[in-house]
Structures are given as structure tokens and as C-alpha cells.
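Trainee: I am new to this structure and would like to learn how to read its features one at a time. Could you show me where to begin?

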Amino acid sequence: MIVDRHGRQFRNLRVSLTAACNYACTYCVPNGKRLQAAAHELSSAQLLQAVGLLVDAGGIEKLRITGGEPLLSPKLEDFLPGVMELGLQDVAMTSNGQLITRYQDLLLSSGLKRMNVSLDTLDADAFPKIARGGDLNTVLAGIDLLLANNWKLKINMVPMRRSNMDQVLPLLKFSLERGIELRFIELMNMGHLKTSNQYQQDFIGLDELLEIVGQEFEFAQADAPYDSTAIRYEIPGQGYFGIIANESAPFCRSCTRLRLASNGHLYGCLSNSTYQDMTPILPLPVPQALVQVQDMLSTALTHKQDLSFQGEVTVMKFIGG
Ligand code: SAM
């Protein structure tokens, strides 16, 4: 087991199947260009091989399939069953939910049972202005379908002052009514936000979010796993919500996340654009490859921030959100 001086190790692996997305969310995709994959994306077989090496090198217990938009990638058909066979403690997916109904057969037969659906507004007019793609009702139908099949869902919402602040309470009520745990994600100063004033204009922090929730609900802080990115709250008798407070209450000291991008680049930290390329080691005999992966994991740990999220020019859809 590789552990750093803060006692951190990698337990959670996020794999970006593709950088292509059918949305171009204003805060994530700089030029509004949808469907743009990364150069030299790996095949599903190569991604599975890389994941297998990372798991065998030790420590990885949980895996999240993300992107880009994972449901957009034809690789999912082979990747998903392959990953489910690895015997990990937990496998989940983060998706914008637009293609859940279309790929319901694949999803429902896979054994996967958990999804985080990103949904920033329930307002059908505001939806295309934020997502710059997709259709609200299709996402809602996807959510209903998974709930009807007993999936455990979370909704990810990025509250922003100028576009969806009015949706904090509606999305919370929507989630509570359906037994979904809502996650407010504080806007992260990444990608094009880093070089514009969009971040400063739109950022809403933990305290303000709690104040808004407090206008209608009583809540108390609840338990969360030690390496959870979210601070969780219970609304007695109604359910839970969480806040991923990258800025207001950074969780770098207990971060156990490792990211594999769709082009084989391995990132130890969302806030550090330094990466290591796994592609050249994939053709090696497994014992040799594993030695190199161990080295890569030790190096990736040194890329983690000590204290707080600094922000990076890396774009979430490339590094794997
Ligand atoms: N396409 C999938 C989806 O929409 O969930 C997975 C990829 S997306 C990059 C993963 C998550 O990252 C989404 O919940 C999105 O809202 C979030 N995200 C992207 N850029 C962000 C930023 N600058 N700050 C906070 N969250 C961001």
C-alpha cells in the first residue's frame, strides 16, 4: 500500500471513458463545442487493462465511470461489464442522464446500481442555457426509470449566482421527494473560469447555500465517510443533502481520488495538471507493468495539494469529473 505523509492513499479511481460530451455546460466547456473527444483516446480494452493494473497495484476499492459523458461512448458496452467483473467494493457512474432511457438495457442488465446524475436546473427554459445541449424532460424520464429499478441516485448541482441560484430549493425538494441525495458542488475555479471573471461572479459558497436551505428546512450535520468529498446534512424525517465545498472547506487532506483520463493520462489531483501517461506500459508483460504502475502511484500521490484546492487550467471534461 502506497501512503503519503498525510496518510493519504488512493482508494477511489475515476475513469473518463471519453472527453466527448453531448452538453457544453457554460462552466465546464470553454468554447461551447460539444462532442469533442480528446486526442488519442484509448479503446475500451486498453482502458480496462489500465484499470486492471491500477487495481492490482493495490488500494483501489471504488471506481466511478465518468467523462465527458460516459453514456455517449460506444466503449461503455464492453467497459461496463469488464469493470463489473473486477470484484470492486463499489462501482458507480456520473452522467448527465440524457441517454439513460436510450441505453436502459445495457444499464439495467449490468449490475450497476448507483448513479450521480448532474442536473443544474428544473427550469426548462434555463436548462439549455446552462447545458447548451440536451433536454430536461429526457433527463427526468431517465431518473424515473432508474428509481423504478431501485437504483440509488444522487443529483449533482453546481449552484451559480447568475443562472440557477433560484433552483437550490426546487432541486432540493425534488430530490427529497424521491429519496435522492442532492449534492451541491461549489463552482470550481478550473479550465476557462481560471482566466475569466466568471468564477468570481458566479461562485456561491457553503455558508450561503446553508442559509438558502435554512429558509425552508431545519437540518443538522450528518455522518460521512472519512474520505468523503461532501459535508452531509440530514433534514429530519425527509432525507439528506450534501455540499462539496472545494473552496469553503477543502478536503485535500483526506482525498483518496485518482483519475484516469480517456487518453491514458493518470492524474493524482484535480487541481494539478501534471499527469503520467499509462499508454506506453500497456504492452508490457504484467509483472513489469505492475512495477511501473507502483512507481506511477507513488508519484501521483506527490501531485496532490496539501491543503486546499488551488484550481487549474485543466478542463473537468478532459480530466474526468
Ligand atoms: N457528463 C457527466 C455529467 O454531466 O455528470 C460526467 C462529467 S461532468 C465533468 C462531472 C461533474 O463535474 C458534473 O456534475 C459537473 O457539473 C461537474 N463540473 C464540471 N465543471 C465544474 C466546475 N468548474 N465546478 C464544479 N463542478 C464542475
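Mentor: Let us begin with a pair of strands: four bridges join β2 to strand β3 (residues 90-95), and the two run parallel. Strands here are DSSP runs of E with at least two residues, helices are runs of H or I with at least four, and both are numbered from the N terminus, while two strands pair if DSSP finds at least two bridges between them. Within this pairing, Leu 63 stands opposite Val 91 in β3. Keep in mind that this is a predicted model, in which local features need pLDDT of at least 70 and side-chain atom pairs count only at pLDDT 80 or more, whereas totals for chains, interfaces and linings use all residues. Residues are numbered from 1 along each chain as its sequence is written, and side-chain values use heavy atoms, with hydrogens and water left out.

Trainee: Which strands stand at the edges of the sheet?

Mentor: The sheet is open, with mixed pairing and 12 strands in the order β7-β8-β9-β6-β5-β4-β3-β2-β1-β10-β11-β12. Its edges are β7 (220-221) and β12 (276-277), each of which has a single partner strand, so one side of each is left without a neighbour in the sheet.

Trainee: How many residues of helix α6 are buried?

Mentor: Buried means under 20% relative accessible area, exposed means over 50%, and partly exposed lies in between, using a 1.4 Å probe and protein chains only. Helix α6 (residues 168-177) is mostly covered, with seven of its 10 residues buried, including Val 168 and Phe 174. Just after α6, Gly 179 takes a positive phi of about 70 degrees.
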